Amino acid sequence: MAINALGYLGVRSDKLDDWGDFAGKLLGMQKIDRGGKAVAFRMDDKVQRLLVSDEAGETLAFLGFEVEHKDDLQMYAARLDAAGVPVQLGTKELADRRFVGDLIWFEDPGGNRVELFHAPMIANDPFVPGRPIDGFKTGPLGMGHAVLHVKDINVMMPFYRDLLDFHVSDYGLQPYGLYFFHLNERHHSFAMVGSGQLGFHHFMVEFQNLDDVGQGFDLAQQDEGRVAYTLGRHTNDYMTSYYANSPSGFFVENGWGGRLIDPATWEPHETHDGPSFWGHERLYLTEEGGRKRLRDMRLDAAARGRRSPPVAECPWLYSELAKQGN
């Protein structure tokens with residue numbers, strides 16, 4: 001796969017202090033000061049995974065996806081140009097700000113800025129989390145996943161699937177369109193919510209230890225209005241997680257135990273059980289605005305005995321058993 005991971009993302013926000021507390025003290029990222037106009041965060045040995053710039057907007061600024069080889073940048077630039085998508089070559093100054101070797105950037109049909117990059121810079125010093133955690137599940141899986149609101153899935157689907165080679169993991173049509181894409185063994189690194197809106201829905205970070213999620217959930221509950229979805233478990237990637245309201249209004253999913261797949265043998269399919277087996281009560285929704293409908297779907301899945309495979313509590317073992325079964 002030429003594009004192999006979600007490497008980094010950027011946010012526009014003038015709430016740098018709030019983001020420092022949120023990403024550092026709640027998520028457990030390592031805060032790095034970028035001179036007053038921006039604050040960056042580490043999750044592992046990479047110099048930068050999240051960048052929050054002091055700009056108006058309170059929204060996604062860019063998504064950065066890593067390519068396997070430097071030549072892949074030119075391949076995608078040529079393909080996008082042939083499809084009528086304007087492509088910009090990243091300057092050395094921009095590459096230095098992103099702490100990568102090379103990059104290109106362009107916009108998707110929804111106006112979201114997408115950056116493809118090669119050779120992320122490795123830090124000289126070890127990762128120091130903002131609160132006591134065992135770390136994040138990153139490495140070849142990337143920093144996690146990102147999810148966009150989309151107005152027209154029929155426009156966005158061919159862009160990401162056909163032009164950028166994102167691979168469909170699965171999709172659900174109820175209670176609204178949900179489409180999930182993988183770039184590596186992580187069940188999905190990217191997804192789209194067919195909400196009819198434009199904007200950023202959430203990004204996800206995956207912890208190495210379930211207790212780090214639970215302790216974060218305890219911390220989040222001390223801050224009124226911080227929890228957006230209660231603790232729950234997803235039906236497609238088996239992630240146990242809760243969602244927090246970020247300082248910029250979109251959500252951040254705090255997860256553990258995500259499903260690993262074999263990209264070489266995986267077959268895309270439709271799902272029918274709704275987003276969650278249990279939990280994930282949408283505290284930000286009203287009963288009439290969708291909260292009851294989603295709850296009813298969970299209760300129906302429970303009544304039908306729907307649940308994840310027992311071995312999914314150990315994602316590595318689940319992956320190994322799945323490979324043997326093939």
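Which residues does Leu116 touch, not counting residues up to four places away in sequence? In this predicted model, Leu116 touches Ile3, Phe65, Val67, Leu73, Tyr76, Asp102, Leu103, Ile104 and Phe106, where contact means heavy atoms within 4.5 Å.

## Basis of the model

This is a predicted model in which local features need pLDDT of at least 70 and side-chain atom pairs count only at pLDDT 80 or more, while totals for chains, interfaces and linings use all residues. Residues are numbered from 1 along each chain as its sequence is written, and side-chain values use heavy atoms, with hydrogens and water left out.

## Nonpolar cores

Leu116 is listed with Met29, Leu50, Phe65, Tyr160 and Phe203 as the residues with the most contacts inside the largest nonpolar core, which has 63 residues. Helix H4 (residues 153–163) gives the most to this core, with six residues; helices (H or I, at least four residues) and strands (E, at least two) are DSSP runs, numbered from the N terminus. Another core, of 12 residues, lies apart from it and includes Tyr8, Leu51, Val100 and Phe117.

A nonpolar core is here a set of buried Ala, Val, Leu, Ile, Met, Phe, Trp, Tyr and Cys residues joined through side-chain atoms within 4.5 Å. Buried means under 20% relative accessible area, exposed means over 50%, and partly exposed lies in between (1.4 Å probe, protein chains only).

## The sheet of eight strands

Eight strands form an open sheet with mixed pairing, in the order S2-S3-S4-S1-S5-S8-S7-S6. Strand S2 (30–33) and strand S6 (88–89) stand at the edges with a single partner strand each, so one side of each is left without a neighbour in the sheet. Two strands are taken to pair if DSSP finds at least two bridges between them.

Within this sheet, strand S5 (residues 59–67) and strand S8 (residues 113–120) run parallel and are joined by four bridges, and Phe65 stands opposite Leu116 in S8. Helix H2 (residues 71–82) lies across strand S1 (3–12), S5, S6, strand S7 (100–107) and S8, and runs at about 10° to S7; such angles run from 0 to 180 degrees between N-to-C directions, with axes being lines fitted to C-alpha atoms, for helices over the stretch in contact. In the loop between helix H3 (92–98) and S7 is Phe99, whose phi is near 60°, a positive value in a residue other than glycine.

## The sheet of 10 strands

A further open sheet, of 10 strands with mixed pairing, has the order S17-S10-S11-S12-S9-S13-S16-S15-S14-S18. Its edge strands are S17 and S18, each pairing on one side only, and neighbouring strands are turned by 25° against each other on average, direction ignored. Strand S9 (residues 145–149) pairs with strand S12 (residues 190–194) in the parallel sense over four bridges, and Val147 stands opposite Ala191 in S12. Helix H1 (residues 16–26) packs on the sheet, where it touches strand S13 (199–206), strand S15 (240–245) and strand S16 (251–256), and its direction makes about 165° with that of S15.

Helix H5 (residues 210–221) holds Gln215 and lies across strand S14 (227–234), S15 and S16, running at about 155° to S14. Gln215 is partly exposed, with a relative accessible area of 44%, and touches Arg131 and Pro132, not counting residues up to four places away in sequence.

## Cavities and pockets

The structure holds two cavities of 30 Å³ or more, and about 70 Å³ of space lies in the largest cavity. Of the 13 residues that line the largest cavity, Gly7, Tyr8, Lys46, Gln48 and Pro120 are the closest to its centre. The largest pocket has a volume of about 620 Å³; of its 40 lining residues, Tyr176, Leu178, Val193, Pro275 and Arg282 are the closest to its centre, and helix H6 (residues 287–303) gives the largest share of the lining, five residues.

On a 1 Å grid over the protein atoms alone, a cavity is a set of points where a 1.4 Å probe fits but cannot get out, a pocket is an open set with protein on both sides within 12 Å along at least five of seven lines, and lining residues have an atom within 4 Å of a point. Grid points are joined across faces, edges and corners, and a volume is the space filled by probe spheres set on the points.
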